[in-house]
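The exercises below go through one structure step by step. Try each task before reading the solution under it.

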Amino acid sequence: MGAVTVTHHATRAMGSALRATVVGAQRRSADRAWERVVADVERSEATLSRFRAGSALSRLNATAGDGSWRVVDQRLYVMAATAARAWCLTGGRFDGRVLARLEALGEHGGVRLPALANGNRDPHPRRHGSGIDRDPWLRALRITDPIDSGGLGKGLALRWAAGAARSGLPAGAGLLVEAGGDIVVSGPQPDSGAWRIGIEDPSGGDQPMAVMELAIGAIATSSTAVRRWIGPDGEAVHHLIDPRTGQPGDGGLQAVTVVHPDPAWAEVWSKALFLAGAQSIGPEARSRGLAAWWIRDDGTLEMTPAARAATIWERPRTLRFSA
Amino acid sequence: MAAAKKAPLHVPIALGVTAGLYAISLAGVAGLQHQADTALAATRQPLADAVSGLARERASLEANLQATVAALNAASAAYGTTLNGSAALDASVVALAAQVQAATGAAAHVPTGAARLPSAPRVVTVVVTAPSTQATTGASGKP
């Protein structure tokens with residue numbers, strides 16, 4: 001009986017590193033699965049990226065606030081419907097309309113938002129509802145403000161890409177797909193058993209904060225470690241905007257990691273729990289039964305009971321003694 | 001013979017009438033005396049009641065006084081016991097002082113600087129290497 005075949009692939013997509021590991025499949029099957037991953041991610045990016053002027057999302061955002069309905073791509077419709085659902089479930093903490101606020105704070109790189117007809121775009125929309133009207137029969141959308149697919153778009157892209165890859169792999173093969181810190185796993189890992197996933201230290205360093213075991217599911221992390229810049233007021237800001245205040249979330253947390261069966265919802269809950277803040281994240285995550293890890297501003301790692309059950313290693317703490 | 005001289009009849013009658021008048025007068029005087037005695041007894045009754053109450057209060061006061069005396073005796077006995085304990089404590093303190101003095105004297109003979117103990121570390125870091133992982137989750141959108 002020969003050794004288990006493990007195939008690694010890597011490239012760049014969605015502005016991040018895209019990696020895949022296939023276990024227990026012939027090289028040809030693994031290559032075919034990788035090709036499907038790349039093609040599927042490209043399709044998602046072409047539809048959901050706000051960094052491409054010709055994407056379906058950019059075209060939809062151009063109609064924001066004009067009251068018109070627009071028949072959209074299936075993936076964009078799913079993204080909008082998921083965003084609207086996430087807005088409801090998170091009490092408004094997940095809101096794609098923070099895009100205008102991000103731009104007002106100086107985060108550029110995406111397609112410049114068009115001015116509204118009256119030239120008075122509100123950079124901090126706090127209207128009632130998600131601002132996304134849907135017509136499922138026509139698969140049409142009408143939005144009040146430009147929306148950002150953000151992490152949700154990446155989570156959905158991972159969902160679809162992993163599904164496409166699995167459809168080309170033999171039953172029992174293991175698969176890991178990773179894009180910019182979001183991970184989807186299924187099947188056996190190279191050493192047999194569950195996949196071992198590290199949680200990055202947001203303050204740097206090679207050693208993870210903790211290591212978990214996950215047999216199947218998805219992991220996403222929201223962190224202030226990246227996408228930080230100096231805002232127009234000269235203060236450091238980051239991309240995790242709290243829709244309730246219009247300002248970067250400042251709840252005493254550096255990073256939140258969530259495990260969920262679906263990568264899109266792992267993204268939603270990691271961001272919503274980050275914005276819940278250090279005081280509320282524990283009770284909310286426990287009440288929802290989520291496996292969540294969070295790192296406070298002082299570097300302390302905490303987790304829910306479900307996360308504790310999945311954690312196999314935790315970075316030892318430095319003990320300090322006073323004289 | 002001379003005829004027997006008969007006593008006059010009015011004499012006994014007079015005696016009887018006199019005795020009757022006397023009896024009536026005596027009865028009247030006795031009745032008046034009884035009324036006077038009853039009135040006097042009624043007048044003196046509150047005074048008698050007050051005297052009885054005073055007697056009872058005195059008995060109660062006497063009982064309290066006896067109880068107080070008993071308590072004082074008990075407190076006195078306890079104080080005596082405490083005094084005995086204090087005396088024993090004083091003796092122990094004196095003995096301890098003697099031992100401390102002896103120990104201090106012995107310490108003075110210990111050479112200084114001959115034996116240096118290593119200083120205790122104030123920061124302890126336990127280095128444990130993380131197990132190998134297949135991937136690491138980090139900031140969403142990490143390039």
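A residue is buried if 20 or more other C-beta atoms lie within 10 Å of its own, exposed if 12 or fewer, and partly exposed in between, with C-beta atoms placed from the backbone. This is a predicted model, in which local features need pLDDT of at least 70 and side-chain atom pairs count only at pLDDT 80 or more, while totals for chains, interfaces and linings use all residues. Residues are numbered from 1 along each chain as its sequence is written, and chains are lettered from A and ligands numbered from 1 in the order in which they are written.

**Exercise 1. Two loop residues**

Task: Find where Met14(A) and Arg139(A) lie, and decide whether each is buried, exposed or partly exposed.

Solution. Helices (H or I, at least four residues) and strands (E, at least two) are DSSP runs, numbered from the N terminus.

- Step 1. Met14(A) sits in the loop between E1 and E2 of chain A, and Arg139(A) in the loop between E4 and E5 of chain A.
- Step 2. Around Met14(A) there are 21 other C-beta atoms within 10 Å, so this residue is buried.
- Step 3. Arg139(A) has 16 other C-beta atoms within 10 Å, and therefore is partly exposed.
- Step 4. Met14(A) is not a glycine, yet has a positive phi of about 55°. Arg139(A), also a residue other than glycine, has a positive phi near 55°.

**Exercise 2. The strands around these loops**

Task: Describe how E1(A) pairs with E2(A), and how E4(A) pairs with E5(A).

Solution. Two strands pair if DSSP finds at least two bridges between them.

- Step 1. Strand E1 (residues 6-13) of chain A runs antiparallel to E2(A), and eight bridges join them. One pair of bridge partners is His9(A) and Ala20(A).
- Step 2. The hairpin of E1(A) and E2(A) has two residues between the strands.
- Step 3. Strand E2 (residues 16-23) of chain A also pairs with strand E6 (residues 174-179) of chain A, antiparallel and over six bridges. Here Val22(A) has Leu175(A) as its bridge partner.
- Step 4. Six of the eight residues of E2(A) are buried, so this strand is largely enclosed by the rest of the structure.
- Step 5. Four bridges connect strand E4 (residues 132-135) of chain A and strand E5 (residues 140-143) of chain A in the antiparallel sense. Asp135(A) stands opposite Ala140(A), and Arg134(A) opposite Leu141(A).
- Step 6. An open sheet of three strands has the order E3-E5-E4 (chain A), with antiparallel pairing. Its edge strands are strand E3 (70-71) and E4 of chain A, each of which pairs on one side only.

**Exercise 3. The core of chain A**

Task: What makes up the largest nonpolar core?

Solution. A nonpolar core is a set of buried Ala, Val, Leu, Ile, Met, Phe, Trp, Tyr and Cys residues joined through C-beta atoms within 7 Å.

- Step 1. The largest such core has 96 residues, and Val177(A), Leu273(A) and Ala292(A) have the most contacts inside it.
- Step 2. Helix H6 (residues 263-276) of chain A gives the largest share, ten residues.
- Step 3. Not counting residues up to four places away in sequence, Val177(A) touches several residues, including Ala20(A), Val37(A) and Leu158(A).
- Step 4. Chain A as a whole has eight helices and 19 strands, and 49% of its 323 residues count as buried.

**Exercise 4. The helix of chain B**

Task: What span should the 98 residues of helix H1 (residues 10-107) of chain B have?

Solution. The expected span of a helix is 1.5 Å times one less than its number of residues.

- Step 1. By this rule H1(B) should span 146 Å, and its end C-alpha atoms are 141 Å apart, which agrees.
- Step 2. The number of buried residues among the 98 of H1(B) is zero, so this helix lies largely in the open.

Terms used
Contact = placed C-beta atoms within 7 Å.
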